[in-house]
Amino acid sequence: LIITVLVIGGLGYLIHSQNSKPGELDGFAQCLKDKGAIFYGAFWCPHCQNQKAMFKQSAKTLPYVECSTADGQNMTQECKDLGIKSYPTWFYPNETVGNGEQTFEQLSLNTSCPIPEEIK
């Protein structure tokens, strides 16, 4: 019983430590957030999933706003009020709106966040 508890505890620790490690693009994602960029999307949207996948583990740091209701059938009032028509939609601090998946270059250009060397 003690060995089982230790094994389960060890596995839990490993899983937690893997999920809490900083991602290589955390700084870039944090810069986007700090500059005021906002990424509006929906959990069921494949382009939103692709956008998050670009950031790998750092996607959790993105300034993301979920526009879909939990049932996937409607849009939240916040996104309706903003006039969001497609996903993903990025609102940039320079008042530009980016529709569709944005490249690192587009994200950088519209926020002045430098592209990390790891992805250049």
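Me: Helices are DSSP runs of H or I with at least four residues, strands are DSSP runs of E with at least two, and both are numbered from the N terminus. With that in place, where is Ser 112 found?

Reply: Ser 112 is in the segment after helix 5. A word on the basis: this is a predicted model, in which local features need pLDDT of at least 70 and side-chain atom pairs count only at pLDDT 80 or more, while totals for chains, interfaces and linings use all residues. Residues are numbered from 1 along each chain as its sequence is written, and side-chain values use heavy atoms, leaving out hydrogens and water.

Me: Thanks! What is the phi of Ser 112?

Reply: Phi there is near 65 degrees, a positive value in a residue other than glycine. Most residues other than glycine have a negative phi, and most peptide bonds are trans.

Me: Is Ser 112 buried or exposed?

Reply: Ser 112 is exposed, with a relative accessible area of 58%. The cut-offs are under 20% for buried and over 50% for exposed, with partly exposed in between (1.4 Å probe, protein chains only).

Me: Which other residue has a positive phi without being glycine?

Reply: Lys 56 has one, with phi near 50 degrees. Lys 56 is in the loop between helix 3 and strand 2, and is exposed at 55% relative accessible area.

Me: What does the side chain of Lys 56 meet in a salt bridge?

Reply: The partner is Glu 24, at 3.4 Å from N to O. A salt bridge here is a side-chain nitrogen of Lys or Arg within 4 Å of a carboxyl oxygen of Asp or Glu. The pair links distant parts of the chain, since Glu 24 is in the loop between helix 1 (2–20) and helix 2, 32 residues from Lys 56. Glu 24 is partly exposed, with a relative accessible area of 44%.

Me: How many salt bridges does that rule give?

Reply: Two. Asp 26 also forms one with Lys 60, with the closest N and O atoms 3.8 Å apart. Asp 26 lies in helix 2 and Lys 60 in the loop between helix 3 and strand 2, so the pair ties together parts that are 34 residues apart in sequence. Asp 26 counts as buried, at 17% relative accessibility.

Me: Switching to the core: how many residues does the largest nonpolar core have?

Reply: It has 25, and Leu 32, Phe 55, Leu 62, Trp 90 and Leu 107 have the most contacts inside it. Such a core is a set of buried Ala, Val, Leu, Ile, Met, Phe, Trp, Tyr and Cys residues joined through side-chain atoms within 4.5 Å. Helix 2 (26–35), strand 1 (38–41) and helix 5 (104–111) each supply at least two residues, with helix 2 giving the most, at four.

Me: What does Phe 55 touch?

Reply: Beyond residues up to four places away in sequence, Phe 55 touches Leu 25, Phe 28, Ala 29, Leu 32, Leu 62, Phe 104 and Leu 107.

Me: Which residues of helix 5 are buried, and what do they pack against?

Reply: The buried ones are Phe 104, Leu 107, Ser 108, Asn 110 and Thr 111. They pack against helix 2, helix 3 (46–54) and strand 3 (89–91).

Me: Now the sheet. What is the strand order?

Reply: It is an open sheet of four strands in the order 2-1-3-4, with mixed pairing. Strands pair if DSSP finds at least two bridges between them. The edge strands are strand 2 (64–66) and strand 4 (97–99).

Me: How do strand 1 and strand 3 run?

Reply: Antiparallel, joined by three bridges. Phe 39 stands opposite Trp 90 in strand 3, and Tyr 40 has Thr 89 as its bridge partner.

Me: And strand 1 with strand 2?

Reply: Those run parallel, again with three bridges. Gly 41 stands opposite Glu 66 in strand 2.

Me: Last one: where is the cis peptide bond?

Reply: It joins Tyr 87 and Pro 88, with omega about -15 degrees. Pro 88 lies in the loop between helix 4 (77–82) and strand 3.

Definitions and conventions:
Contact means heavy atoms within 4.5 Å.
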